[in-house]
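Let's take a walk through this protein chain and look at how some of its side chains meet. Have the sequence and the 3D view open while you read.

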Amino acid sequence: MHRLTRRSVSSILRSDGARHRNVAAPISCSNSLHESSNDGNSKFSQSPRKWYSALTSGRHYITSSNNFNLSNGLFLGIRTESTATASASDPPAEKYEYQAEVSRLMDLIVHSLYSNKEVFLRELISNASDALDKLRFLSVTESELLKDGVELDIRVQSDKDNGIITITDSGIGMTRPELVDCLGTIAQSGTAKFFKALKDSKDSGADNNLIGQFGVGFYSAFLVADRVVVSTKSPRSDKQYVWEAEANASSYTVREETDPEKLIPRGTRLTLFLKHDEKGFAHPERIQKLLKNYSQFVSFPIYTWQEKGFTKEVEVEEDPAEAKKEGDDVEAERKKKTKTVVERYWDWELTNETQPIWLRNPKEVTTEEYNEFYKKTFNEYLDPLASSHFTTEGEVEFRSILYVPAITPMGREDFINPKTKNIRLHVKRVFISDDFDGELFPRYLSFVKGVVDSNDLPLNVSREILQESRIVRIMRKRLVRKAFDMILGIAMSENREDYEKFWDNFGKNLKLGCIEDRENHKRLAPLLRFPSSQSEEEVISLDEYVENMKPEQKGIYYIASDSLTSAKNTPFLEKLLEKDYEVLYLIDPIDEVAIQNLKSYKEKDFVDISKEDLDLGDKDEEKEKAMKQEFGPTCDWIKKRLGDKVASVQISNRLSTSPCVLVSGKFGWSANMERLMKAQTVGDTSSLDYMRGRRVFEINPDHPIIKDLNAASRNCPDQEDALRTIDLLYDAALVSSGFTPENPAQLGGKIYEMMRMAISGKWGALAAEVHQTVSQPGNPESTVNLETVEAEVVEPTEAGGQK
């Protein structure tokens with residue numbers, strides 16, 4: 001606790017003597033903290049405690065709790081001296097109840113609890129539904145509660161001109177004590193009390209559909225209203241009572257209803273007088289829209305007061321001027337003129353459906369009904385590819401309908417944004433939210449649309465946020481499992497085009513799942529599809545690949561590239577195609593990362609054929625030993641020329657027609673991955689050299705160019721042409737293997753030089769030879785050639801009409 005010096009005390013007293021005039025007076029405790037809310041008796045402990053004043057000296061004994069409020073507003077704290085003897089003689093501590101400042105708590109509820117003002121209607125309708133549920137339950141044993149014969153329903157009427165909304169239910173209503181107890185105490189829930197009574201009674205196993213159990217839903221009315229009037233009539237009471245309060249007030253009034261025109265037979269009428277800037281909520285169309293969004297599946301009918309109209313024919317009076325013109329023929333029959341008008345009137349209109357489709361037996365729901373519900377709920381125009389209607393019981397109970405859309409949304413926002421509005425969460429048939437950040441579905445399955453309805457989800461007080469818990473994790477796991485079953489059903493369908501359509505739209509999502517969801521690799525892998533060396537036009541599954549594998553084949557071979565054309569023309573394929581091994585073509589940027597995360601499928605490892613140490617199962621140790629003995633010096637000579645560009649030069653076992661290839665290190669990036677990393681907008685270029693790792697230059701000993709280089713390494717290793725040939729081979733291998741040359745202009749210069757050496761004077765010498773042959777006299781061939789040349793010259797001239 002802070003102490004004030006005497007100089008500070010003197011300064012305070014001089015500057016504000018009036019404020020601190022009674023500092024040394026006896027200290028009084030704040031009644032708002034220590035008085036009883038019922039009888040006003042003090043709850044102070046009678047045992048003396050020592051305290052130290054900041055403004056006075058000496059010790060004083062008072063009877064109070066640990067913290068005190070001075071009458072002038074300064075705060076004092078207890079400083080208790082603790083010794084062994086004193087501790088043994090201290091009386092037991094007394095227990096005090098927390099008390100809240102009502103106005104402050106109301107302000108928190110109105111401004112901090114709910115993020116969206118329109119949920120006030122959801123909360124109030126839910127309270128009305130609870131009142132009807134309680135009446136229906138109690139009427140089983142107390143039939144006299146329904147003696148007035150009023151239907152169980154909810155009616156919402158609005159006055160958009162004056163900004164008034166009236167919600168009336170024919171539920172259980174409240175007596176005066178219940179009215180004061182429920183609406184006079186914040187966080188006091190009548191539903192919670194009723195639910196507890198059910199649990200304690202012999203009917204604890206009864207089905208419970210009550211919604212509001214926090215005791216703050218009613219106060220959401222003050223989100224939009226500055227005055228709320230509640231008029232309620234319980235069938236257990238002969239009188240009707242009115243509760244009234246304003247938004248900024250800390251008190252309320254309760255009175256008996258005496259106006260005969262405002263009496264109701266049973267239930268509760270809630271009247272909201274909207275704030276000036278919230279009168280838009282009183283528009284009938286907006287009321288109806290909010291009810292259909294949040295409370296469409298409440299088990300009781302909800303009626304709204306709507307303006308309607310019908311057309312009818314009415315007579316039109318004739319113009320006097322026209323009647324005068326027709327006056328000559330008085331006896332002529334005059335045709336009556338009519339027009340069509342729309343006559344307006346107001347009437348009650350049913351807004352909600354009585355039973356949601358997910359509560360029905362799946363065997364009784366047709367495919368057309370599922371598709372219609374999907375289109376209506378998610379504003380779609382195409383039928384879904386598949387649907388799944390299921391109920392989960394046990395530790396977590398919920399009902400759900402899931403759909404796989406026919407096409408991907410425009411812009412593919414779902415692929416990168418987990419906060420889609422595809423899953424609509426309901427709690428006891430009341431819509432809660434469709435804005436989730438991966439709680440119910442992972443990001444890669446965000447394209448799945450559906451409805452989830454549960455009775456016991458862990459929601460926050462505003463019922464807008466799904467709180468993380470074990471129940472949510474279990475629910476998520478079961479929803480994901482059902483989604484996979486639904487997608488697998490499409491894959492196993494007899495119509496192959498359905499899954500091809502699904503793969504074109506959502507294949508990237510499943511590949512993303514291989515990266516993000518290791519737990520479901522066994523479910524994801526059978527759903528993947530790729531083109532291959534034996535199926536370029538149609539994608540195949542991993543099951544089909546494994547089924548077509550050769551007996552001696554050890555792994556699932558793949559090559560990653562930027563296009564199908566470059567993949568099927570890569571030199572890495574040469575020996576594998578000769579052996580008739582199938583190779584998967586990974587041409588999407590995400591493919592290689594997805595396959596690397598899977599690692600294996602059905603005990604077959606994925607093998608990148610562009611990496612070093614490729615084992616094709618055909619090793620001949622004697623042949624390899626002979627090749628190394630013959631071409632070993634050549635490999636050393638090439639390595640010496642290339643220097644640090646390559647880690648080593650080896651004899652290749654994967655080439656048949658190409659002279660050389662550049663392969664990646666076993667643990668480094670492939671050429672395709674290196675290209676993708678360089679293309680990243682926010683990529684870290686400093687890691688490129690590290691992750692690029694080692695590159696191995698492999699040569700084909702059966703190729704003529706390599707045989708010539710082998711001879712050059714022995715006979716003239718320092719010849720400039722031989723060394724330039726090595727450089728050109730390396731640059732060509734960079735391009736053919738998928739790497740990017742560091743100096744493309746230099747590579748182009750080398751190619752031009754080699755072309756000049758190859759074709760230098762070739763066609764010029766050929767032209768001189770032809771000219772010499774034509775000009776020789778007595779040569780039979782020259783006569784033929786001459787005639788041919790003359791024919792070529794004369795015929796176009798005659799055709800053109802010029803001689």
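## Salt bridges

Start with Arg641 and Asp727, which form a salt bridge with their closest N and O atoms 2.6 Å apart. A salt bridge here is a side-chain nitrogen of Lys or Arg within 4 Å of a carboxyl oxygen of Asp or Glu. This one ties together distant parts of the chain: Arg641 belongs to helix 19 (residues 621-642) and Asp727 to helix 23 (residues 720-736), 86 residues apart. Helices are DSSP runs of H or I with at least four residues, strands are runs of E with at least two, and both are numbered from the N terminus. Arg641 is partly exposed, because its relative accessible area is 34%, while Asp727, at 13%, is buried.

Before going on, a word on what you're looking at. This is a predicted model, where local features need pLDDT of at least 70 and side-chain atom pairs count only at pLDDT 80 or more, while totals for chains, interfaces and linings use all residues. Residues are numbered from 1 along each chain as its sequence is written, and side-chain values use heavy atoms, with hydrogens and water left out.

Another one joins Asp588 and Lys508, at 3.7 Å from N to O. Here too, distant parts of the chain are linked: Asp588 sits in the loop between strand 21 (583-586) and helix 18 (591-598), Lys508 sits in helix 13 (residues 496-516), and they are 80 residues apart. Asp588 is partly exposed at 22%, and Lys508 is partly exposed at 35%. Salt bridges that share partners join Lys508, Lys511, Asp588 and Asp591 into one network.

Then there's Arg155, whose salt bridge with Asp153 has its closest N and O atoms 3.2 Å apart.

## Aromatic pairs

Now for the rings. A pair of aromatic rings is described by the distance of the centres and the angle of the planes. Rings of Phe, Tyr and Trp (its six-membered ring) pair if their centres lie within 6.5 Å; planes under 30 degrees apart count as stacked, over 60 as edge-to-face and the rest as tilted. The structure has 21 aromatic pairs. In one of them, the rings of Phe297 and Trp358 have centres 4.6 Å apart and planes at 65 degrees, which means the pair is edge-to-face. Phe297 is in the loop between helix 8 (284-294) and strand 11 (302-315), and Trp358 is in the loop between strand 12 (338-350) and helix 10 (367-378), so this pair links distant parts of the chain, 61 residues apart. Both residues are tucked away: Phe297 is buried at 6%, and Trp358 is buried at 0%.

Tyr444 and Phe484 make a tilted pair, with 6.4 Å centre to centre and 35 degrees between the planes. Tyr444 is buried at 1%, and so is Phe484, at 3%. Elsewhere, ring pairs link Phe218, Tyr219, Trp243 and Tyr252 into a cluster.

## Surface patches

Patches are made of residues with over 30% relative accessible area and no salt bridge, joining like charges within 9 Å and nonpolar side chains (Val, Leu, Ile, Met, Phe, Trp, Tyr) within 5 Å. Helix 12 (residues 470-491) supplies the largest share of the positive patch, three residues. Arg523 is in helix 14 (residues 521-524) and is partly exposed at 34%.

There's a nonpolar patch too, formed by Ile751, Tyr752, Met755, Ile759 and Trp763, with about 560 Å² of accessible area together. Accessible areas come from the Shrake-Rupley method with a 1.4 Å probe, and for residues only the protein chains shown count as cover. Helix 24 (residues 744-759) gives the most to this patch, with four residues.

Conventions
Buried means under 20% relative accessible area, exposed over 50%, partly exposed in between (1.4 Å probe, protein chains only).
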